[in-house]
Amino acid sequence: MNGPREEIESWRLSTEMFRDSEDVGSWRPSGLGWDGQSLLTTASDAVGTVPENYEPRYAYPLIVWLCDEDCGSAQAMDHIANLSPQNYVGLALENAALPKRMSPQDPRDALVVSLKHLVAIENRIAAVVRDFRQTVHVHSERVFLAGAGHAATTAMLIAMHQPDWFSGCMTFGGKYPAEAGVLVRRRRLVGPRFWVSAPKFDRPSNYGESAMHAARQLIAAGADVTTHLHTGSRLVTRSALIELDRWIISGILAEAG
């Protein structure tokens, strides 16, 4: 099966062009978020955030958070701010999870539907990030994808399908995507690092077991994986975000060294 995505100009190679452009993009201030962060909005279903003491000359790591009905943009903005109020700029994309499979359903039909939605979400990510970078100074090699619950599964699949787009993928309670075998078959998965986090003791969802299964599958595919199981009942906890911030910064320092 050919890659189901139209060819688009790589936004990894366009940092200098956007920085020098007089067009400031469609992002506009829309108030303050958690801990004084500034929120930005655009005409699309996305919200952006920059630190209160934003430095235009500094190239910030970008967190792209995929949202669904279980974790909306307001929650995602809080998670990014709790991750660090100063270290990152962020984007939250609404309605950015693959549809949940309905049973009974022909697996082949389900796969086609999933891949069509995957194409649409990937194109949205590329377009929104490209537009965001016209306004905000983003480090082109430090773009991270994140999601919680079902959106985490979507984030994992996109990072596997487009490994050159992201420096890392952070999932909270995600399952290993059923579509992954089609997208990574016959090649080793190199590129983004994966952070796989979930509650350790959660019933009946068994997020911890799903996270460990996902980690094993990613490792088998050749990925660099870090797992973090916590004792809290929520998918995303403050302690997990603190550890995640350390994971991101340690990876950046390792790359710089």
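1. A nonpolar core is a set of buried Ala, Val, Leu, Ile, Met, Phe, Trp, Tyr and Cys residues joined through side-chain atoms within 4.5 Å. Keep that in mind as you look at this predicted model. The largest such core here has 46 residues, and the members that touch the most others are Leu62, Ile125, Phe194 and Leu218. Several elements each supply at least two residues of this core, among them strand 3 (46-50), strand 4 (60-66), strand 8 (193-199) and helix 6 (207-220). Which helix gives the largest share? That is helix 3, with nine residues. Another core, of 25 residues, lies apart from this one, and its members include Ile63, Cys71, Leu235 and Leu244.

2. Now for a step back to the whole chain. The protein has seven helices and nine strands. Of its 257 residues, 53% count as buried. Among contacts with a separation of 6 or more, 73% are between residues 24 or more positions apart. The accessible surface comes to about 12,300 Å², and carbon and sulfur atoms account for 51% of that surface.

3. Is helix 2 (residues 73-83) largely enclosed or largely open? It is largely enclosed by the rest of the structure, because eight of its eleven residues are buried.

4. Of the 26 residues that line it, Lys100, Gly149, His150, Thr153 and Lys175 are the closest to its centre. Helix 4 makes the largest contribution to the lining, with three residues.

5. Which residues does Thr154 contact, leaving aside neighbours within four places in sequence? They are Leu66, Ala96, Ala97, Leu98 and Ile121.

6. Leu157 has its place in helix 4 too. With a relative accessible area of 1%, Leu157 is buried. Along the chain, Leu157 and Lys175 are 18 residues apart, and 9.8 Å separates their C-alpha atoms. Lys175 is also one of the pocket-lining residues closest to the centre of the largest pocket.

7. Finally, the charged side chains. How many salt bridges does a search of the whole structure find? It finds one. The side chains of Arg246 and Glu243 form a salt bridge, with a distance of 2.7 Å from N to O. Both residues belong to helix 7 (residues 238-256), where they are three residues apart, about one turn of the helix. An α-helix has 3.6 residues a turn, so residues three or four places apart point the same way.

8. The two partners can also be described by their accessibility. Arg246 counts as exposed because its relative accessibility is 52%, and exposed means over 50%. Glu243, with a relative accessible area of 31%, is partly exposed.

Note on methods: Residues are numbered from 1 along each chain as its sequence is written. This is a predicted model: local features need pLDDT of at least 70, side-chain atom pairs count only at pLDDT 80 or more; totals for chains, interfaces and linings use all residues. Side-chain values use heavy atoms; hydrogens and water are left out. Buried means under 20% relative accessible area, exposed over 50%, partly exposed in between (1.4 Å probe, protein chains only). Helices (H or I, at least four residues) and strands (E, at least two) are DSSP runs, numbered from the N terminus. Contact means heavy atoms within 4.5 Å. Accessible areas come from the Shrake-Rupley method with a 1.4 Å probe; for residues, only the protein chains shown count as cover. A salt bridge is a side-chain nitrogen of Lys or Arg within 4 Å of a carboxyl oxygen of Asp or Glu. On a 1 Å grid over the protein atoms alone, a cavity is a set of points where a 1.4 Å probe fits but cannot get out, and a pocket is an open set with protein on both sides within 12 Å along at least five of seven lines; lining residues have an atom within 4 Å of a point.
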